[in-house]
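User: I've got a model open and want to talk through how it's put together. Can you take my questions one by one?

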Amino acid sequence: MKTLLLATAFAALALSPASAAKMACTSANMAKLVAGMGGEDTPAKMAARKSMAAANSDMSKGNMRGACKHYMNAEKAMAMKK
């Protein structure tokens, strides 16, 4: 039982940095997200576009904390399947 719990903990730690790097609030990651929004409109893409519009608005006002928050919401929306 201890071995199973330890293996699960290591697996969770191994996967955390990859997902954290994907969601880092950088201009490169924002550009990748926007590029992935093309194609067929789905509810997830529409939610992501709305969040990115809010992020762009916050960036133009100099509110990077708010912009990153909206970017994270857009990332989560794009991760949804429907």
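Here are the questions and answers on this model.

User: Before we start, what should I know about the model and its numbering?
Analyst: It's a predicted model, where local features need pLDDT of at least 70 and side-chain atom pairs count only at pLDDT 80 or more, while totals for chains, interfaces and linings use all residues. Residues are numbered from 1 along each chain as its sequence is written, and side-chain values use heavy atoms, with hydrogens and water left out.

User: Which pattern does the protein chain follow along the sequence?
Analyst: Helices (H or I, at least four residues) and strands (E, at least two) are DSSP runs, numbered from the N terminus. The protein chain has 4 helices and 0 strands. Read along the sequence, that pattern is α-α-α-α.

User: How far apart are the end C-alpha atoms of helix H4?
Analyst: H4 covers residues 64–79, 16 residues in total. The expected span is 1.5 Å times one less than the number of residues, so H4 should span 22 Å. The distance between its end C-alpha atoms agrees: 22 Å.

User: What percentage of the 82 residues count as buried?
Analyst: In H4, the buried residues include Gly66, Cys68 and Glu75. For the protein chain, the buried share is 22%.

Terms used. Buried means under 20% relative accessible area, exposed over 50%, partly exposed in between (1.4 Å probe, protein chains only).
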